[in-house]
Amino acid sequence: MKKKGLSLITALSILSAFLWLAGLAWVIQDQFFSAGSQSMDTVKPDRDQTPSIPSDGKSKKLHIAALGDSLTRGTGDPDGKGYIGYLKQELAKKTKKEIELSNSAIKGQTSKQLLDQVSQQQIKRQIKGADIILLTIGGNDLFRGGQGLQQLNSQAINQTEEAYLNNLKELYNEIRSLNKTGTIYHVGLYNPFSDMEDSKKTSSIVRKWNYDSANAAAAFPNIIYVPTFDLFELHVNEYLFSDHFHPNKEGYQLIGERTASLIHFSEEEKK
Amino acid sequence: MTKLVHNELLKLFRKKRLFVIILIVAALVPLFTYAQYQQAKTTQEKLGNADWRTKLQQEIVDTQNRLSSSRLQDDWRKYLKIRLAQQQYYLDHDINPQAPGAPTFMRVFVENSITLLLPLLVMVAAADLVSSEASGGTIKLLLTRPVKRWKILLSKYIALLLSVSFIVTAVAFLSYTISGVVFGYGGWDMPLLTGFSTKGEELLTDNVHLIPQWQYVLMEFGLVWFVCLVVGTLTFMLSVLLRSTAAVMGIMLAALIAGAILSNMVSSWESAKYLFMVNLALTDYISGMATPIEGMTLGFSLSVLLAWAAGGLIIAFAVFTKRDVY
């Protein structure tokens with residue numbers, strides 16, 4: 001019995017030695033010699049088979065797609081939720097639908113970068129299937145991480161704004177062409193420097209920026225520009241994170257609650 | 001000669017060491033299977049979505065967010081950038097690199113165990129091949145037979161080669177059958193990308209091509225087998241040089257663990273790439289991960305390992321045939 005077991009294992013070992021040797025030989029052949037002979041162009045993945053997220057109104061799920069910069073990401077919130085997280089909490093109280101959230105926001109993203117991101121296949125798919133689209137953008141265009149308003153050169157700021165508005169219009173266009181029905185909530189800018197000197201000047205710049213963005217939004221159907229300027233106007237320090245730029249937990253809660261209050265559910269969707 | 005090998009194999013199996021190794025693997029695989037299953041479940045709950053594209057997209061976004069942090073170390077940033085490019089490539093070509101299934105589990109399992117777990121198991125099997133004979137005194141009985149010394153050593157080495165092959169096969173078999181209970185046994189035909197190469201922070205995709213997963217797994221196991229052979233050979237050499245099995249194990253253990261630590265911090269010490277333990281992660285070349293040191297390639301790592309193994313063998317045979325045994 002013992003003897004039989006041993007010869008069986010020996011035979012198995014010899015066989016496997018050859019098998020793995022073949023594997024190794026294949027590695028060498030594949031990685032060193034055949035590389036490039038079959039380029040990716042010959043491979044045609046079936047894009048059409050990509051299942052799209054069902055977006056009919058009767059679906060049991062509420063799809064939310066979030067895009068934008070660090071505000072949507074939640075930078076500054078110790079829980080990492082951001083206004084998206086609080087918004088989701090609020091909505092969960094109101095509706096019996098299951099909420100499905102995809103957050104594609106990237107810290108430090110400018111309007112130009114967001115425009116590039118939206119051209120990605122997957123992001124497009126998410127936008128297509130979304131019932132609600134949340135957006136924050138422009139903060140990094142304007143403030144460039146806190147430095148932008150130091151040199152209050154109005155000509156330079158006007159130029160940046162013009163570029164931003166063009167990007168924004170293109171972005172709205174792109175989203176609307178992908179998704180004709182979903183409501184877009186564009187969360188506006190606040191002035192993190194409103195308690196500093198020059199606050200009059202910075203606030204007027206942010207106000208103008210907000211006004212122009214809201215105007216751009218109004219040119220499209222179903223785009224709501226959500227103001228946040230007033231939320232932070234009086235007690236800016238209490239609502240800002242220690243970097244004095246991003247909101248803290250309370251700040252995000254304010255934004256989340258305000259945005260949530262704009263989202264309406266029909267009778268049968270309510271809890 | 002075959003009789004000698006047979007004799008050596010008999011000794012190996014009598015010691016039950018292989019049996020223990022297989023038991024270890026059999027105990028670990030369910031653990032990893034459960035861990036991976038739990039991980040899949042939590043991400044699914046978090047996203048509320050079972051679609052892998054959404055998941056991969058989220059991973060990409062997360063990586064992008066980590067990249068935008070300014071406190072990132074340079075080599076970690078490089079690693080993230082390469083992984084990001086790769087994930088995007090998979091997504092753009094609509095291929096799910098993590099589709100659940102036993103073959104995928106096998107692949108992930110060997111990729112993670114090639115640097116430490118499997119070499120350790122092989123080391124356990126190889127450490128006392130010669131040294132136990134020396135410390136136990138049986139070496140005298142063996143050497144008084146009318147057989148050339150190199151033949152004796154060669155028979156031991158062949159027995160080692162066979163048991164290493166056996167261990168690798170056992171790992172393949174166990175990881176497939178056990179994880180398949182949870183993930184299902186299918187997925188051999190799934191296409192995967194290989195041929196990525198890295199240059200600095202960039203991911204070169206000129207040579208990228210698709211291969212079915214079964215070929216991918218076979219290739220990875222070929223590499224694992226090679227790594228195990230090299231580690232086995234070096235342990236074998238130490239086993240000839242030292243009388244104490246514990247010392248052999250200690251040295252190999254230190255070397256292997258040092259390799260695992262070094263790979264994370266040698267990026268600026270370039271000549272470290274000639275150490276065998278930094279070159280063990282061969283599967284990373286197939287999947288296209290960033291190398292610990294700039295300029296390392298599959299060919300380079302294979303040659304370094306081969307040189308170490310050849311050196312080890314030469315020393316082992318030279319010492320064993322010349323040494324006085326008393």
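Tutor: Contact here means heavy atoms within 4.5 Å. Keep in mind that this is a predicted model.

Student: Thanks! How many residues of chain B are in contact with chain A?

Tutor: Let's start with the area buried between chain B and chain A, which is about 4400 Å². Carbon and sulfur atoms give 64% of that area. On the chain A side, 49 residues take part in the contact, and on the chain B side the number is 53.

Student: Which residues meet in a salt bridge across the interface of chain B and chain A?

Tutor: The rule finds one salt bridge across this interface. A side-chain nitrogen of Lys or Arg must lie within 4 Å of a carboxyl oxygen of Asp or Glu. At 3.3 Å, N to O, the pair that meets is D62(B) and R73(A).

Student: Which helix of chain B gives the most to the side that touches chain A?

Tutor: That side of chain B divides into 26 nonpolar, 20 polar and seven charged residues. Nine residues come from the helix that gives the most, residues 213-241, and that is helix 10.

Student: Now R107(B), please. How far away is the nearest side chain of opposite charge?

Tutor: R107(B) sits in helix 5 of chain B, residues 102-113. R107(B) is buried and has no salt bridge. A salt bridge needs a distance within 4 Å, and E111(B), the nearest side chain of opposite charge, is away by 4.2 Å.

Student: And which glutamate does R107(B) touch, leaving out residues up to four places away in sequence?

Tutor: The residues touched by R107(B) include P97(B), M190(B), L192(B) and Q213(B). Y216(B) and V217(B) are also among them, and the glutamate is E220(B).

Methods. Residues numbered from 1 in each chain as written. Chains lettered and ligands numbered in written order. Predicted model: local features only at pLDDT ≥ 70, side-chain atom pairs only at ≥ 80, totals over all residues. Heavy atoms only, no water. Helix = DSSP H or I, 4+ residues; strand = E, 2+ residues; numbered from the N terminus. Buried < 20%, exposed > 50% of the residue type's maximum accessible area, 1.4 Å probe, protein only. Lys, Arg positive; Asp, Glu negative; His and termini not counted. Buried area = accessible area lost by both parts, 1.4 Å probe. Nonpolar A, V, L, I, M, F, W, Y, C, P; charged D, E, K, R; others polar.
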